[in-house]
Amino acid sequence: MEEKKNPVMKHAVMTDPGSGKQYKLVRCRINGVERETMVDVRASLTDMLRNDYSLSSVKKGCEVGECGACNVIIDGECYNSCIYLAVWADGKDIRTLEGLMGPNGELSDIQQAFIDEAAVQCGFCTPGVIMSAVEILESGKEYTRDELRKLLSGHLCRCTGYENILNAVEKTMKKRLSEKEAAAGQTAE
Amino acid sequence: MYDMKALYEAESVQDAVRLLEEHPEAQIIAGGSDVLVQMREGKRAGVELVSIYGLDELRGVKLEEDGTLRIGSLTSFSHITKDPLIQKYINVLGEAVDMVGGPQIRNIGTIGGNTCNGVTSADSASTLHAWDAVIELTGPQGVRLTPIKDFYIKAGKVDLRPAEIQTGILIRKESYEGYAGHYIKYAMRNAMDIATLGCSVNVKLSADKKVFEDVRIAYGVAGPVPMRAVHAEEAGRGLEVTDGNIEKIGDTVLEDVTPRDSWRASKAFREHISKVLCKRALREAVLRAGGAV
Ligand SMILES: Cc1cc2nc3c(=O)[nH]c(=O)nc-3n(C[C@H](O)[C@H](O)[C@H](O)COP(=O)(O)OP(=O)(O)OC[C@H]3O[C@@H](n4cnc5c(N)ncnc54)[C@H](O)[C@@H]3O)c2cc1C
Ligand code: FES
Ligand code: FES
């Protein structure tokens, strides 16, 4: 697969002569909006998204890549932002749960399905799981239950027992696929 | 915040080599899924890092003119699995790295990191051993190649000389042409688990599919570093493809493997599954090579 080329120029790391701390100007698209900020090179992407952009859907769970609570989409693929350096986000297209909201604050279909299927209890794992679900749904493919299980295996949920999460993702996948089919049928007529 | 002393971002392979020469104490970070976790654990706290993550020139799989498959060291596991050249020539490598961690780890983890960490349980390592992979290293003196079995020195230590980085993993045409393989990862869970033992085999059968012309058997966690089962391979070469002979080859691996007791499993259990996994993997590889048992 072709790797995406960075749309903006890369920036260099700068050292503050007083403190000796290193900073980098990180310019990226976050939920569709071009943003830029100076980040400490020691920051994780979770740190940047939470502290600089107040995107608190990005959770700090294990902070060692095991639980998926910090999962976000970068250039179309899911990454645990706790083990991703903020400086690497320069030039990237990043999506978090906040970006799913409609223009009037509406929930997306996958979020509604999580509510309908009781796939949310404490909610701590939910934003991360939903971003994986978004990548799955946007592939436009139909997956078996076992395949979905594997695609969601990078998330720990201590409350739901996973079945309702699988139900919500499967239901939304089927709904989107049948809507697509119906739309294709209409244009064919 | 990570406890790091300094970060230097390389802009090219040459720049990475220069940064490593300039900062001899610095460690390389690729995807960081080992490095950053160890930094959190305190093992690598306070270190200087040279980041090569931005070097897109080290991503992707290519077929060179002489038929050699070149895998750029920064290629992520998920991109290896999806790659059409991998699927066509050494699909088993794509299957093996599809068993690493979970989806997010497979997007960040690189095959270079998985081999440079010197870890015996690394899911790509046994398969790369089985296919006689060649490691390409670039350093101040230029480019050098080394067979993967010589790249591993001891647990956690590989043959990376000062200011060198791994730039590619090569699989030569004679190593893959006519071979079919299979990898089995034995772990307690189906995802997010480290292998208790990993076994990767491949076979080349005679034209009538009746004889093992070549057998290659490699393991992870059967010793301090990934290894080949040379005695078992030798025992298998030239044998007829029968169930009895697969049993014989599988039993011979005990002459090669040297697993140890750990909290994951005992030595005795690992010896037992060394045989069982080898036999199962050989049966599947024979089927994939068009033979029957
Ligand atoms: C939650 C979790 C689950 C995991 N599960 C598995 C699993 O199931 N199976 C498995 O095999 N691994 C697993 N891993 C380990 C890890 O993801 C892999 O080893 C991965 O391949 C490391 O690649 P990286 O690019 O992230 O390496 P990094 O962390 O960047 O580097 C690893 C080591 O290699 C060196 N290095 C990296 N690239 C180069 C290069 N090009 N040249 C020279 N030196 C280099 C670094 O200096 C470092 O010592 C897991 C990790 C996590 C966090
Ligand atoms: S907080 Fe990032 S994976 Fe757990
Ligand atoms: S809903 Fe509580 S961890 Fe998943």
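Keep in mind that the model is predicted.

Let's start with the interface. How much area is buried between chain A and chain B? About 3,000 Å². Carbon and sulfur atoms give 55% of that buried area. Interface size is often quoted this way, as the accessible area lost when the parts come together.

Now the charged pairs. Between chain A and chain B, the count is 4 salt bridges. One of them joins A:E63 to B:R40. There, the closest N and O atoms are 3.0 Å apart. Polar contacts come next. Between the two chains, 13 residue pairs are in polar contact, with both residues at pLDDT 80 or more.

Which parts of chain A touch chain B?

On to the ligand. How many residues surround ligand 1? The number is 34. The closest are B:I28, B:A30, B:S33, B:T110 and B:D123. Residues from both chain A and chain B surround ligand 1, so the site is shared between chains.

Let's look at some oxygen atoms of the ligand. An oxygen atom of ligand 1 is 2.8 Å from a polar backbone atom of B:G32. Side chains take part too. An oxygen atom of ligand 1 lies 3.0 Å from an N or O atom in the side chain of B:R44. For the side chain of B:N114, the distance from a ligand oxygen to an N or O atom is also 3.0 Å. How much of the ligand is covered? On its own, ligand 1 has 980 Å² of accessible area, and the protein covers 94% of it.

Where in chain B does the shell around ligand 1 come from? β2 (27-29), α2 (35-40), α7 (111-116) and β10 (165-171) of chain B each supply at least two residues. The element that gives the most is α7(B), with 4 residues. By type, the shell divides into 16 nonpolar, 12 polar and 6 charged residues.

To wrap up, two things to find in the structure. Find the salt bridge between A:E63 and B:R40. Then find ligand 1, in a site shared between chains A and B.

Conventions: Residues are numbered from 1 along each chain as its sequence is written. Chains are lettered from A and ligands numbered from 1 in the order in which they are written. This is a predicted model: local features need pLDDT of at least 70, side-chain atom pairs count only at pLDDT 80 or more; totals for chains, interfaces and linings use all residues. Side-chain values use heavy atoms; hydrogens and water are left out. A residue is near a molecule or strand if one of its heavy atoms lies within 4 Å of it. A polar contact is a pair of N or O atoms within 3.5 Å; within protein, one must be able to donate a hydrogen and the other to accept it, and residues adjacent in sequence count only if both atoms are side-chain atoms. Accessible areas come from the Shrake-Rupley method with a 1.4 Å probe; for residues, only the protein chains shown count as cover. Ala, Val, Leu, Ile, Met, Phe, Trp, Tyr, Cys and Pro count as nonpolar, Asp, Glu, Lys and Arg as charged, and the others, Gly among them, as polar. Buried area is the accessible area (1.4 Å probe) that two parts lose on being put together, summed over both. A salt bridge is a side-chain nitrogen of Lys or Arg within 4 Å of a carboxyl oxygen of Asp or Glu.
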